[in-house]
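Please read it with the coordinates at hand.

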Amino acid sequence: MFVSYAGQDGAWAEWVAWHLREAGHRAVLDVWEWRAGDDFVERMNDALARATAMVALFSNSYFDRERWTTEEWKSVVARRERLIPVTIEPLTGADVPPILAGIIRKDLYGLDEPTAKAALLDAVSGPTGPLSAPAFPGRSTPDGPAPASDGRRPRLPSSAGMPQVWNVRGRNPHFTGREDLLTQVREGLLGGRQAVIQALHGLGGIGKTQIALEYAHRFASQYDTVWWIDAEQADQIPVHYTELAVRLGIAKTDAGADHTTRILLDDLRTRERWLLILDNADDPRDFDGLLPVGPGHVMITSRNPDWNNIVHSLNLGVFSRADSLAYLSARMPGLSLQQAEALADDLGDLPLALAQAAGVVCSGMTVDRYRQLLTDRTASPLANGLPPGYTASLAAAVDIATTRLAADHPDAAALLRLGAFLGPDPVPTAWLENARDHLATIAVEPNDFMWPQAALQHLARYGLARVDHETFQIHRLTQAILRDHTIEVDTIAVEEDVTAILSAVAPGDPNTPASWAQWAALASHLAARQHTATHHPHLRSTLLQASAYLNQSGQSRAAHDLTTSLHRTWASALGEDHADTLDAAFHVATSLAYRGLYAEARRGHEQVLERRRHILGEDHPDTLHSANNLSSTLSSLGEHVEGRRMDEDVLERRRRVLGEDHPDTLCSAQNLAVTLGHLGEDVAARRMSEDVLERRRRVLGEDHPDTLHSAQNLANILSALGEHVEGRRMCVDVLERRRRVLGEDHPDTLRSAQSLANFVSELGEHVEGRRMCVDVLDRCRRVLGEDHPDTLHSAHSLAITLCNLGEHVEGRRMSEDVLDRCRRILGEDHPETLRSAQSLAITLCNLGEHVEGRRMSEDVLERRRRVLGEDHPDTLYSVQSLAITLGRLGEHAKSTRLLRDARVRSRRTLGNDHPFTEAVTHDLAQALTAAGRPFEAAKLRASGKPKQQRMRGKRR
């Protein structure tokens, strides 16, 4: 029995699972059997696969649209042998999927415990009871861990009522998310140990108290005593314990607080079902001898991570973005998704900040105005809108903590202020160690070998930073509040120290994947100091290298955002023609090309090239870099003739200026090889690609991204030449290397995966080709977006594969969508648009719509002749396709004439043994036979079956 429930109904789930096991069933409940770190999806799928029935606890929360979709319900119902629904509360307004609406269910709510137990077992086993005796629950090898820590049964939530002793304030009506954390808390407290103590620690405003409050209310029915203690002042704990002893009736008259505390602790050793919550406990040393032991639970919330040394602890992070959006949407129903995303990003998903923002916005301020205030004066909006249940606003909490820190540990306060001017991402402590001798705002003793680790521990204890053994991190809002409160003269000094820290970091070549981890750590901190870099040439250079890293690692949108901001700032401060300004403009255009926005990239490259030619001259390496990228962009726009002219010119200049084996020279040679392939000159393209690949292997190494780029292009050229087996072998090797070096979702990896899918389909393995195409298309849509040219290419390939599988209707639908997008994004005459149009024309003919297919084929042929020339392989393919369509329409003379011309041109440009030449020869023989000229056909007839749609791989 798999017990399925919403997180809010955990107490019900425990009660149901307990009684199922007691009745002899093998009940699976996540909180009893799954552990932190397990793969949730894997465990869920395994449990569902093993279960013969799923007991579903229907409640209003269970049918929250965020949990299940109709499609998922259909899948669950289809896969389960039995679905056993039991209702644990009235379904008032619940959006029950239609597929479940008619299923008979048992109501458990409103019943006393014996009646509810009988109803549950009746639902599972039927009115007559089980057909055989249940297995003995106490067998020596149970199927899973004990359901509860001490052998006591969970109580029926609807009949238990509130605890007899209770002092917890009201439930937060806006509590959202955190289901995984609540599950971990419950799991930890059911761990099978006596006096289980669970600590929640993390930054101020992270939601520790709110989680404890929600837990207390959610599982109140499972306790007789729940006592909340504000534990910030440890010396007052005996007083609070005395209050609890009085409520329990065990306090002695005239006994002091210390004596009553000992009485209470002794009593809790024997008392069952109690929960003690110590909220905002600070130093664990202050609680020595004050933590209860016995068959109950203790929950501690604290900013101090030192609790992890003595009790089981959970280090809380900020909200997931999904939880942030759910919270904001619930508090502000009219908020658009884009506004919620932007606000959550500004607030760094910090729960307290989100609650304050919701309070202010709901009081009459617009979201845009609030966001502007966050930018201009962060501390001001974060000092207002204190939500119910919180003792201080975020700004006040930061002020209190920093004031205490400065009084107790001034060196740590100075380090905190320095960290406020870095970026919001984790900061490697090695950066501080390397720059310690160059810092002006922090006095570090030469023999202080524990700096900065000792100072960082104080930041963690006061809840102002997250610290691990290699990095520390200050939340962006804490940083902003600290910066707001720093006077100008101190700000200048601190920014100089930040510049010294960032200048000392040397990640390496941004084009080499081995350096990307270090660049990833550095990039956000550089971006946060853009205005400082304007006056520091070294930082400007490093920022430009960071943008190169972002592009090379597949983060072109982030690269575009960064370089656009840099160019705007530097053009104003340094001038349009300054070398760094031009470099920034160059990187803007490059990032646009990576994003598939070729027309915009072209304009940018043209402007930079013109300025560089005027300032630096024709042969300067920067000028040649601009010319190289412009020629590549022209080819991406389908302007291959002009691209070839520029490629040849840049290659000749780079050979003369830089040498044959310089990486930039090899880049130009590779670009020319790609352009030759686009122009249909595959033999020349192969020759150049083989030469570039050999040189890159020798100069850069087998796994360098540029080497893999050359290897992939050569594989595609082999496909165009009909050498599919060797091309596939090379493609498999490149894909494996790219996955290892770049990752599964890098754009280059996706291109290799798509090329391999094309190879598989070319070799007739259409089912496997379809599976691969679907996977690549899904990744492209997620990584690059619906309209990126690579996404369109993947969709086009899938449409062809569907048609090769005989699924012409779906293939047509996809082809029409791709063609519409290509026309809008790339233009009517772009080669990729024409490929899509040609595929759709073929699909129409396969669906019997020969007249419309002919019209489209004639239009594509006319455009290809004009754009690509008479002898281009794509043009010849259009001739062949139109001829076949004419033959089906009975126009055999025209069909024969077109095929004869295509064969002559194919033999001259591709050779007699090329697969296309063989295919068009075969088609000509059939056309001659249909035209009543069998003797001519006999001379041409070739063996083999007709070729299906030819899929020319997209070359890079």
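1. The structure is a predicted model. The remarks below should be read with that in mind.

2. Cysteines. No disulfides are present in the structure. Cys731 takes part in none, and the nearest cysteine sulfur, belonging to Cys773, is 12 Å away. Cys731 counts as buried, because its relative accessibility is 0%. For Cys845, the closest cysteine sulfur is that of Cys803, at 11 Å, which is too far for a bond. A disulfide would require the two sulfur atoms to be within 2.5 Å. Cys845 also has a place among the buried residues, with a relative accessibility of 5%.

3. Salt bridges overall. Side chains of opposite charge can pair when their charged atoms come close. Across the whole structure, 78 salt bridges are found. Three of them are taken up in the points below.

4. Arg218 and Glu214 form a salt bridge through their side chains, with an N to O distance of 3.1 Å. Both residues belong to helix H9, which covers residues 208-218, and they are four residues apart, about one turn of the helix. Arg218 and Glu214 are both buried.

5. A pair between two helices. Glu341 and Arg321 are joined by a side-chain salt bridge of 3.0 Å, N to O. Glu341 is in helix H13 (residues 337-346) and Arg321 is in helix H12 (residues 321-331), so this pair ties together parts that are 20 residues apart in sequence. Glu341 is partly exposed, at 32% relative accessibility. Arg321 is likewise partly exposed, at 26%.

6. A pair between a loop and a helix. In the salt bridge of Asp871 with Arg905, the closest N and O atoms are 2.6 Å apart. Asp871 sits in the loop between helix H39 (850-867) and helix H40 (873-888), whereas Arg905 sits in helix H41 (residues 892-909), so the pair ties together parts that are 34 residues apart in sequence. Asp871 counts as partly exposed, with a relative accessibility of 28%. Arg905, at 19%, counts as buried, because the limit for that class is under 20% relative accessible area.

7. Asp901 is partly exposed, at 29% relative accessibility. Asp901 and Gln880 are 21 residues apart in sequence, and their C-alpha atoms are 9.5 Å apart in space.

8. Packing of H13 and H15. How do the axes of H13 and helix H15 cross? The axes of H13 and H15 (residues 367-376) come within 11 Å of each other and cross at roughly 20 degrees. Angles under 35 degrees count as roughly parallel, so H13 is roughly parallel to H15. The crossing of the two helices is left-handed. On the H13 side, the contact is made by Gln339, Ala342, Leu343 and Asp346. On the H15 side, Val367, Asp368, Tyr370, Arg371 and Leu374 make the contact.

Notes:
Residues are numbered from 1 along each chain as its sequence is written. This is a predicted model: local features need pLDDT of at least 70, side-chain atom pairs count only at pLDDT 80 or more; totals for chains, interfaces and linings use all residues. Side-chain values use heavy atoms; hydrogens and water are left out. Buried means under 20% relative accessible area, exposed over 50%, partly exposed in between (1.4 Å probe, protein chains only). A salt bridge is a side-chain nitrogen of Lys or Arg within 4 Å of a carboxyl oxygen of Asp or Glu. Axes are lines fitted to C-alpha atoms, for helices over the stretch in contact, and angles run from 0 to 180 degrees between N-to-C directions. Angles under 35 degrees count as roughly parallel, over 145 as roughly antiparallel, 65 to 115 as roughly perpendicular and the rest as oblique. A crossing is left-handed if the near helix is turned anticlockwise from the far one by less than a right angle, and right-handed if clockwise. Contact means heavy atoms within 4.5 Å.
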